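Hi,

Here is the structure I said I would pass on. Have a look at it first, and then read my notes below.

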Amino acid sequence: MEPMGYKSLATPPGRTCTPGSTGMSRAPGAGTGKLRISSKLDPEHPLAPRAPIARFYTALVTGDLRSLQLLTERYHQDVNLVFEISKNQLEWQVKSQASYGLSGLWALEERLELSSPLCLAARHGHPDCLRHLLRRGADPSLAPGGEAPLHQACLGGHSDCVELLLEYRAQPNVLSERGTAPLHLCTSRDSLRCAKLLLLHGAAVELPSEVGGDTALHVAARHRLCHHARLYLRRRARVDARNARQETALGVLCGQAPAQDDHSLQLFQLLLNHGADVEARDESWRRPLHRACGAANAELVRLLLRRGADANAIDYDGVSPLGWALQAAASRPELRPHLTVQLLLNHGSQRIWPSAFVKVLKSCAAVPEVIEVLFNSYSQIPVSQEWREAVPQELFQQHRAFYESLLGLAGTARSLQHLCRAAIRAHLGDKCHCLIPLLPLPRALQEFLLLEPRGVVL
């Protein structure tokens, strides 16, 4: 098909960018150049040769209502035409080492996207343009690119557009090509009114997505949208509904890494108030506690343990919450993973076998606080030369004071102070977290008993 409108690309299609070129600074999938638009307008249409397609597209994207009115009224522009939008994107292609000296190269690949005038106006949040198109007979169910205008409006949180589309009988439960309903695309705080409008017009709050089986409540949990979740629960969404992986909304929430200014704690409390099961297992037998430990989300770990979550539950692979916390420590040091380890041990978590401690050293050497908390949970544990070899020299130098104090215990007994701590902790068992703060002791000594790290071991 011969492109209509305009064609302007910064880099010619098919040109490759090797790792030494400027293309290396771009992330995979980054767009280059401008869009090329090809009208899918029927070539037999009497106005096709002279219809200003590029101006029509620009008016839709920018919300230029005056130009849009001019084009549709003077040129009788078809409001149900389909745009074929071509965009060059950088993609990493695997090539032979003999040909390129590397495992691959950056190459510009053409990606085509189909869209309609309604989809474009809804995506960019232009309700006036949307209203004009609908009055001119635009089909609210036309979804050439796999998503209807209603999907596009919800994804952008454009509630005025959602309201208009629903007034013109857009189907609130329409599924996209990927099997998602508009309610599944209400993923931002701005989309709360979109969700309310959809439910008001008959959207099914329990409708699962076709691929992952997520309900709207799962989506709200994944994006930590407390107000959305409250809305769905008021509409009788089942709090422990399962998706295709047998996850509940609580399990999905606990798998999210902590972030600033999110509503995870409020959402957690909301789900618990509606009867969410803290021990609900997914298809891999992982419980919310496993997920929170794997995400190094200490606050959710604390709340789960307070609600009676089993600190020693094992998943299908035999991994305990402590195992998940230790696995996460190396990859999420900025989240202070030692807090999660500390909480588990103070709630009676089984420790790892002493002979496996060297594996913790290898994986968590960059986070000495984790090493210290775990090491101090044993009354005695033999320190071997193998431990020194497990710590990379760079990390040893970076945390020299700690590792020298740790390795200095080889062949010696622990201090009397530590042995007293071990005896008290053994007596209190899994009640350390609640009984030690009640002891008539200075705060610093209470923290010592609760395994608060100090940067050295005694």
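What follows is a short tour of helix packing, aromatic pairs and a few backbone angles. Bear in mind that this is a predicted model.

Let's start with helix 16, which covers residues 338-346. How many of its nine residues are buried? Eight are, so helix 16 is mostly covered. The buried ones are His 338, Thr 340, Val 341, Gln 342, Leu 343, Leu 344, Leu 345 and Asn 346. They pack against several helices, including helix 13 (288-294), helix 15 (321-331) and helix 22 (416-428). Helix 14 (298-306), helix 18 and helix 23 (432-435) are also among their partners.

Angles under 35 degrees count as roughly parallel, so helix 16 is roughly parallel to helix 18. Their crossing is right-handed. From helix 16, the contact uses His 338, Val 341, Gln 342 and Leu 345, and these meet Glu 369, Val 370, Val 373 and Leu 374 in helix 18. By type, the residues of this contact are five nonpolar, two polar and one charged. As for the spacing you see along a helix, an α-helix has 3.6 residues a turn, so residues three or four places apart point the same way. Just after helix 16 comes Gly 348, with a positive phi of about 90°.

Another helix pair to find is helix 12 (residues 264-273) with helix 14. Here the axes are 10 Å apart and the packing angle is about 25°, so these two helices are also roughly parallel to each other. Helix 12 and helix 14 make a right-handed crossing. Ser 264, Leu 265 and Phe 268 of helix 12 make the contact with Glu 299, Leu 300, Leu 303 and Leu 304 of helix 14. That contact divides into five nonpolar residues, one polar and one charged.

Now for the rings. There are nine aromatic pairs in the count. One of them is Phe 56 with Phe 83: the ring centres are 5.9 Å apart and the planes sit at 45°, so the pair is tilted. Phe 56 belongs to helix 1 (residues 53-62) and Phe 83 to strand 3 (residues 83-94), so the pair ties together parts that are 27 residues apart in sequence. Phe 56 is buried, at 0% relative accessible area, and Phe 83 is buried with a value of 0% as well.

Phe 357 and Trp 387 form a stacked pair, with 4.8 Å from centre to centre and 25° between the planes. Since Phe 357 lies in helix 17 (residues 357-364) and Trp 387 in helix 19 (residues 385-390), this pair ties together parts 30 residues apart in sequence. Both Phe 357 and Trp 387 are buried. They also belong to a cluster linked by ring pairs, together with Phe 375 and Tyr 378.

Last, two backbone angles. Most residues other than glycine have a negative phi. Arg 169, though, has a positive phi near 70°. Is Arg 169 buried or exposed? Arg 169 is exposed, with a relative accessible area of 71%, and lies in the loop between helix 7 (159-167) and helix 8 (192-200). Leu 451 also has a positive phi, of about 70°. Leu 451 is found in the segment after helix 24 (443-449), and is buried at 1% relative accessible area.

Cheers

Key: Residues are numbered from 1 along each chain as its sequence is written. This is a predicted model: local features need pLDDT of at least 70, side-chain atom pairs count only at pLDDT 80 or more; totals for chains, interfaces and linings use all residues. Side-chain values use heavy atoms; hydrogens and water are left out. Axes are lines fitted to C-alpha atoms, for helices over the stretch in contact, and angles run from 0 to 180 degrees between N-to-C directions. Helices (H or I, at least four residues) and strands (E, at least two) are DSSP runs, numbered from the N terminus. Angles under 35 degrees count as roughly parallel, over 145 as roughly antiparallel, 65 to 115 as roughly perpendicular and the rest as oblique. A crossing is left-handed if the near helix is turned anticlockwise from the far one by less than a right angle, and right-handed if clockwise. Contact means heavy atoms within 4.5 Å. Ala, Val, Leu, Ile, Met, Phe, Trp, Tyr, Cys and Pro count as nonpolar, Asp, Glu, Lys and Arg as charged, and the others, Gly among them, as polar. Rings of Phe, Tyr and Trp (its six-membered ring) pair if their centres lie within 6.5 Å; planes under 30 degrees apart count as stacked, over 60 as edge-to-face and the rest as tilted. Buried means under 20% relative accessible area, exposed over 50%, partly exposed in between (1.4 Å probe, protein chains only).
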